[in-house]
Structures are given as C-alpha cells and as structure tokens.
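Here is a walk through one chain, from its overall build to single residues. Keep the structure open while reading.

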Amino acid sequence: MNCIIAQSGGPTSVINASVYGLVKENFNLEVFDNVYGGLNGIQGILEKKIINLSSMNKDELEAFKNTPSSGLGSCRYKLKDFSENEYEYIKLIKILKELDIKAFFYVGGNDSMDTTAKLSKYAKKKNLDIKFIGIPKTIDNDLVLTDHTPGFGSAAKFIATATLETYLDSTVYMDNGIFIIEAMGRDTGWLAASAALAQINGKPCADFIYLPESEFSITDFLNDVRKTFKEKNHVYIVASEGLRDCTGKFITQSAYSAHDKFGHAQLGGVGEYLKNLIMDAGITKRVKALELGVMQRCAMHCASKTDLDEAIMVGAAAIRAAAEGKSGYMVSIKRETNSPYKSSTVLVDANEIANKIKHFPKEWINKKGNHITVEAINYLRPLIADNVLLDTEDLLPKYKVFSR
Ligand code: F6P
C-alpha cells in the first residue's frame, strides 16, 4: 500500500523539509511501500500529475530537505462541499485507488485544512479506507490551535536580518531620510512584528511597526513620523502589507486588485503608499520604501534551523498519525518550554483550523498601536534560532528541483 503528499498555498523556505520528514519516517517505520508526490496540489492530482518520491536517492532527499519553495508545485484551489459537487471527489478517489493510496497528506494553511477536513469527512461517509492528514505551513503564522507554523520562523529571521542590515545602510549620512520596509502577512501582523527582533544595544531598529490588527490612521501615522524625524533626523518604519483603515478595508486595495482562487486579495505596495503620504505631507522628500516580497518565503540562505527541524518533525508525525489510523487531523506544534526552547507535536481536528485566522494578539501591541511588546519578542525569539548549513554546487546552494 502507498501514500501521497502534496503542497498547497504559498511557498515557504522549509515546506520541502516536511516532505523529507515524512519520507524519512516512512523509511524508518516501513508503513507504506511508496510515497508519491502530487504535483500542484489537489489540482494537479486531479490531472494525475503524480511522481514517486521513494525513488529519490539519499543525496537527492537531503538536498530536497534544504530546497526552498514548494518543490512539488502548489495550487490555490478550493474544493466545493461534496453535497454541492461530488464529481471531483469521485474522480480523486478513483485516482487514489488506482495507485493503492491509503493515506493523503496535505501541506498547507487554513484553506488547505479545509480541503483535508472535507476529504476526510467524505471518506468516512463512504466508508473508504483512506486517511487524510494535514501538515501545517505558512509564513503568515495565522493558523489557530498551533503555537506557530513551519515556515514562519525562517521568514521572521529573514525579516529581522533585513531590518538590521537596512537599518545600518539607512543611517550612514548626517542628513538621513526615512526608511520603510514592507512585510507580507495578508491578514495578520506576525511577520511585520518579527522585525522587532532586530535590535542594537537592546533598542529596536524600528521606530514604528504597524500591523493589520491595529486600525491604521493616516493622521496618527504622520504625527508619529513628523515628530520622530524632527528628533532624530531619521525614521525607520515597518509596515504590514495588510494594513486596514477604520472601515476594515486594506489601505492599498483598489477595486481592481486581483484575487487568487482562494478568494484572497493580492496585496503589496503599502510601503510606496506610506512613502507618498510622507512626501505629500512635506515631511521630507528623502524616503525609501523596500517591499521584501517573495524573498520572505524563499530566502533559504537565511533560514532558521529550529524552523527547519520543526518542519521535519511535523512531516514525521503525520506518517505516524496515519499509521495509527487517524484521519481528519492536522499535526500541530506545542511549545513545551521557552527557555530552553522545546516543542512537540499534537493532533488537532482539521475542521477546527479550516478557514480560521489567528491574529497577532492585541495585548502584544503597545497602546499607541505603533509597536509591539516584550512578551511578543519573547514568543518570537526562539523561532529564529540557529542557522542551516547549505551544501553548495558551482558556488551556490545545492537544491533538488523536479523539472518545472
Ligand atoms: O502564503 C501567504 C502569503 O505569502 C501571504 O503573506 C501573501 O499575501 C500571499 O501569500 C501572496 O500570495 P501569492 O502566492 O499569490 O504571491
């Protein structure tokens, strides 16, 4: 009997490490004869785009562990409920049966847990002997019922490092201007908040950090910036791409913004927007805005070893869950201790995670809504610990890439 693993949603630096963890643990426990990889998530599996991951040799598997971005390809594809459209369920089950697949692992975020929960429910209703298990990943860190998500620690480390380094670059002159860095995160401020880890002599590099969880006020923002610019002749600002106004609307979302197939608005451009506000208000013309963009989710050269190890851990736990006959669960991360940092895995109902969002806690945002508290820093710090040593080839990191 065999199993299949597929990836869905946005990539991360360590998403392939979960595939590695699963293949490796299967090798140790000898549960399944073959681990198949579904290409482009559920969308590709429905078109029979499937490869055999068990045929990877040891070197390829090790290289795949350290390869960033979704090595199996991805999709943002929402399954309808089977009561509305059973056709895709029937088609998928037929493909799984043809390959004697008894377990399906889906690596993804809250939309992918919706798929996992729906498929598990369908299999139970039809008395099918196929288990469905979710494996968490998202740089956004917005899944409920898990301390954090694999992928977040590496993105946080990249953002904190980029903040520290651009702070140094942006403070070299006697007449420094204003620097804005834009982090991803869509609905939540976890990524932008991680910039607070960048500190010099115990003081954060960022003067202000604006998160989607605090209503964004243009007046307050310009007052903050004007005052600090007068005092220091330099302002360092971190902004989340998902900043919202008092009506709850993204401040950069126009009526023409594109949406993905999960229905999420395509964001980006907050930094430029804030830059224009500052210039139009006449504070200074010397303003630079840097959108970190997709580097946040593929900068493997700056990944967190803790994050990589936990991505492996959740993949391995998923195989064990299926071997124990579990279905309809997601492997979640439990923080055992903070110092020294230690974590473990537990299973949680995928249905409880599907389509829900874990916001950055309001009590971890300061009163003015323009920075974060020390409790948040204590939560974030262990997740970026230690570096990943990458093998190289032609002087660059050695990655394992299936043809695209
Ligand atoms: O996966 C999460 C995320 O990286 C968000 O932070 C971001 O808004 C979105 O994906 C971008 O999506 P796309 O894959 O379309 O670039």
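Helices and strands here are DSSP runs, numbered from the N terminus; a helix needs at least four residues and a strand at least two. By that numbering, proline 340 sits in the loop between strand S12 (329-338) and strand S13 (341-349). We will come back to that loop. One caution before going on: this is a predicted model.

Start with the whole chain. It has 13 helices and 15 strands. Its radius of gyration is 22 Å, close to the 22 Å that the globule rule gives for 404 residues, so the chain is as compact as a globular protein of that length. Along the principal axes, the C-alpha atoms fill a box of roughly 70 × 45 × 40 Å.

The domain assignment gives two parts: domain 1 takes in 2-150, 300-356 and 385-397, while domain 2 covers 153-296. The centres of domain 1 and domain 2, taken over C-alpha atoms, are 32 Å apart.

Next, the interface. On the domain 1 side, 23 residues are in contact with 18 residues of domain 2. The size of an interface is often given as the accessible area lost when the parts come together. For domain 1 and domain 2 the buried area is about 1,700 Å², and carbon and sulfur atoms give 56% of it. Three residues stand out. Arg76, Ile139 and Cys302 supply 38% of the area that domain 1 buries against domain 2, more than any other three residues.

What about polar links? Six residue pairs are in polar contact across the interface of domain 1 and domain 2, with both residues at pLDDT 80 or more. The side of domain 1 that touches domain 2 divides into seven nonpolar, nine polar and seven charged residues. Yet the count of salt bridges between domain 1 and domain 2 is zero.

Salt bridges do occur in the structure. A search of the whole finds 16. One of them joins the side chains of lysine 48 and glutamate 98, at 3.3 Å from N to O. Lysine 48 lies in the loop between helix H2 (41-45) and strand S3 (50-52), and glutamate 98 in helix H4 (residues 87-98), so the pair ties together parts that are 50 residues apart in sequence.

Finally, look at the backbone. Return to the loop between S12 and S13, where proline 340 lies. A cis peptide bond joins serine 339 to proline 340, with omega about 5°. Asparagine 127 is not a glycine, yet its phi is positive, about 55°.

How values were computed: Residues are numbered from 1 along each chain as its sequence is written. Side-chain values use heavy atoms; hydrogens and water are left out. Domain bounds come from an automatic or database domain assignment. Contact means heavy atoms within 4.5 Å. Buried area is the accessible area (1.4 Å probe) that two parts lose on being put together, summed over both. A salt bridge is a side-chain nitrogen of Lys or Arg within 4 Å of a carboxyl oxygen of Asp or Glu. A polar contact is a pair of N or O atoms within 3.5 Å; within protein, one must be able to donate a hydrogen and the other to accept it, and residues adjacent in sequence count only if both atoms are side-chain atoms. Ala, Val, Leu, Ile, Met, Phe, Trp, Tyr, Cys and Pro count as nonpolar, Asp, Glu, Lys and Arg as charged, and the others, Gly among them, as polar. The radius of gyration is taken over C-alpha atoms; the globule rule is 2.2 Å times the number of residues to the power 0.38.
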